[in-house]
Amino acid sequence: MNPEKIIHDEPKAKEKIPVIKIKTLTTDELENIINKGSDITKERFKNLDDGGVFTFFYNEDVFDPRLRDRNLYTIAEENSVIVGIGKLTKRQEQENLYEIASVSVDSKYQNRGYAKKILEEIFRTAKQNGWTLVASRYTKIGNEKLKRLNQDLAEKYGVRLFEEE
């Protein structure tokens, strides 16, 4: 007769709940994060072709003196790692008109709602400042995932939204 085997389950480690922060930065503030960050942070903010993680982030926009005062960046952080970034660009043809130039989330963090959180902050900021937003031309993925969301957020926050053709 074989003795019964008693199997005790190891207590499972508590899942760590991520600390998520969403905030809007000036170009100077983002540049400061990149320059003073770790080597890993600097690598993440390279252009995609150079090993960066954000498909629609172009670091020359941060370092171009002609664009410094025109761009704002909304970032999503998970446990102090920037996992997503959105760029707002002030349009010159009209006062208080900003273009949602891009939203990009690190592929390792996609499908967790970060793009939505970034866009929520953009629309909240637009409402707070009385801005009108222009959605730039959508990529195929953006058209599928973001176009309806932008329209819903514009309605939710009472922000005028134009879409470029």
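1. Start with strands β4 (residues 97–105) and β5 (residues 132–135): they run parallel and are joined by four bridges. Two strands count as paired if DSSP finds at least two bridges between them. Helices (H or I, at least four residues) and strands (E, at least two) are DSSP runs, numbered from the N terminus. Look for L97, whose bridge partner in β5 is T132. To get from β4 to β5, the chain passes through helix α4 (residues 114–129), and this β-α-β crossover is right-handed. That label means that, with the strands pointing away from you, the path from the first strand over the helix to the second runs clockwise.

2. Keep in mind that this is a predicted model: local features need pLDDT of at least 70, side-chain atom pairs count only at pLDDT 80 or more, and totals for chains, interfaces and linings use all residues. Residues are numbered from 1 along each chain as its sequence is written, and side-chain values use heavy atoms, with hydrogens and water left out.

3. Now β4 and β3: these two pair in the antiparallel sense over seven bridges. T89 stands opposite E99 in β4. Their hairpin has six residues between the strands, and N96 takes a positive phi near 60° there.

4. Is β4 mostly covered or uncovered? Mostly covered: eight of its nine residues are buried (under 20% relative accessible area, with exposed over 50% and partly exposed in between; 1.4 Å probe, protein chains only).

5. Finally, helix α1 (residues 27–36) has T27, L30, E31 and I34 as its buried residues. Seen down the axis, they fall within an arc of 100°, so they line one face of α1; the arc is that of the directions from the helix axis to the C-beta atoms.
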